[in-house]
Amino acid sequence: MPGMPYNLERGPYLAMLEDLINRDPVRCLESLRDPAKPVTALLREMRVSINGGPYKDTAELAEHIDRDWFGIRPDAHDGPPISRYWSYWDGDAQGIIRETVVRSIEIALGIDHDADVSGPTPHRWHVSILTACTVRWFEGWVSWRRVGPEVAGGHVVILLLTPTHGKPAEPTLLRPTPTTKGRPGPPYAINPARAEGDQGLWAIGAVFERREDPVPVSAEWVAPGSFPRPHLGPTYFGEGGIVVVAPPESQGGVLPDGRPYAGAAS
Amino acid sequence: MSGTGGTGGTGGTGGAGPSGLSEGAALVQAELEHGLSELHPVQFDVESELADGALRAIAWSYTARPREGQSFLGVQLSTEFVLRGVTLIRTGPDDGVLLRWYIDWLDALNRAGLNAALRPVPDGPQPDLADLLALLR
């Protein structure tokens, strides 16, 4: 099943963006601060092969993001971009992501907004990125905290909340399913006993979210006093117990030792 | 035609009651008021009414506002809104009066600020729980 079969993900693309930021945050910040450059310029400037997913390198990924996330149409020379990926929302997704990542890198470097980055910065915290689909409109969130007694240690988390793109979410964390076929790739694991490697992403939920459709309220003749109450949609029943799953990277998971690179990053 | 009169009888549904509404329309109004008790009725309007023998069709609009502290369709609302629908009323010698409700709930959802911009699950057959549990072994 194409798309985003889990509700939250990092996956190969955000892992790639994360690595670009963490390898050279100042360069990424300077690129993102330049309003003449699209956000995806940093992906094109630091072209890296991606051995996973439908886009072979960061340049192809940039085209996808420009087209589907940001609504940038190379053949349209006037008017604002229209995000065409998101149902029932139109807005400046690129502007939101630009501001979110700029602010995140500034926090990671310990500098004020728009401050000069030509000299040393107070620290260089690690940046992580996750995305979750379905809120009503596009928002970027940034969370940070210092880790340990030294100011040099810290972590910044970006959470991109997006409107729906209409692609179904699997009603189970387990794989395979009738619609997401084949063996799940690494680091897929069920009820892992140990957090392997230096990073990871686990999901905890019911084995199966069984869908029960309501009876159409207009389907029957009813006597007075039996007014049919509407249902806004199916009700899901979480069944089969609770399971912990490490999703495969190809479906949004995180490789414990990071992404292997097939090309130079700079 | 409009009004906020009382409930009509359950025998016939064609005659006009004291509110000026037909008995059928008054029945629809009373059913809405009782069935949607979380709403405070403001106005009930009959937009058209057709009859064919024992069958009567009433197109109506119902203006209401949520009662304080109560939600409508799971949503906390504060201002009045209009619900629209068509109700069929069938009168038979044996089973009395029966109603069939066609309410524009989608419009009601829109007015409640909700929409269907949610992620579906895959259509078609659902996974089998036994198959999923087998993956745990």
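Hi everyone, and thanks for coming. For the complex, the predictor gives an ipTM of 0.77 and a pTM of 0.82. Chain B has an average pLDDT of 84, and 85% of the residues there score at least 70. Please be careful with residues 1-11 of chain B, though, where the pLDDT is below 50. That stretch still has 35 contacts in the model beyond near neighbours in sequence. Where pLDDT is low, the predicted coordinates should not be read in detail.

Now, chain A. What does chain A have in the way of helices and strands? There are five helices and seven strands. If you follow the sequence, the pattern reads β-α-α-α-α-α-β-β-β-β-β-β. The C-alpha trace spans about 80 × 55 × 40 Å along its principal axes. Chain A has 266 residues, and 33% of them count as buried. If you take contacts between residues at least 6 apart in sequence, 70% of those in chain A join residues at least 24 apart.

Let's zoom in on a pair of helices. In chain A, helix α2, residues 25-33, packs with helix α5, residues 93-109, at an angle of about 145 degrees, and the axes are 10 Å apart. The crossing of α2(A) past α5(A) is left-handed. On the α2(A) side, the residues that meet α5(A) include A:C28, A:L29 and A:L32. From α5(A), the partners include A:V101, A:V102 and A:I105. Sorted by type, the residues of this contact of α2(A) with α5(A) come out as nine nonpolar, no polar and two charged.

Next, the loops, and a few backbone details. Most residues other than glycine have a negative phi, and most peptide bonds are trans. With that in mind, which residues does a cis peptide bond join? One such bond joins A:R175 and A:P176, with omega about 0 degrees. Another cis bond runs from A:P186 to A:P187, with omega near 5 degrees. A:P176 sits in the loop between β4 (154-162) and β5 (189-190) of chain A, and A:P187 is likewise in the loop between β4 and β5.

As for positive phi, A:D114 has a value of about 70 degrees although it is not a glycine. You'll find A:D114 in the loop between α5 and β2 of chain A. Is A:D114 buried or exposed? A:D114 is exposed, because 9 other C-beta atoms lie within 10 Å and the cut-off for exposed is 12 or fewer. A:N191, in the loop between β5 and β6 of chain A, has a positive phi near 45 degrees. A:N191 has 12 other C-beta atoms within 10 Å, so A:N191 counts as exposed too.

Finally, where do the chains meet? The contact takes 34 residues from chain A and 31 residues from chain B. On the chain A side, the elements giving two or more residues are β6 (203-212) and β7 (235-246). Of these, β6(A) gives the most, with four residues. By type, the chain A side divides into 22 nonpolar, eight polar and four charged residues.

That's my tour, and I'm happy to take questions.

Note on methods. Residues are numbered from 1 along each chain as its sequence is written. Chains are lettered from A and ligands numbered from 1 in the order in which they are written. This is a predicted model: local features need pLDDT of at least 70, side-chain atom pairs count only at pLDDT 80 or more; totals for chains, interfaces and linings use all residues. A residue is buried if 20 or more other C-beta atoms lie within 10 Å of its own, exposed if 12 or fewer, and partly exposed in between; C-beta atoms are placed from the backbone. Two residues are in contact if their C-beta atoms, placed from the backbone, lie within 7 Å. Ala, Val, Leu, Ile, Met, Phe, Trp, Tyr, Cys and Pro count as nonpolar, Asp, Glu, Lys and Arg as charged, and the others, Gly among them, as polar. pLDDT is the predictor's confidence in each residue, from 0 to 100. Axes are lines fitted to C-alpha atoms, for helices over the stretch in contact, and angles run from 0 to 180 degrees between N-to-C directions. A crossing is left-handed if the near helix is turned anticlockwise from the far one by less than a right angle, and right-handed if clockwise.
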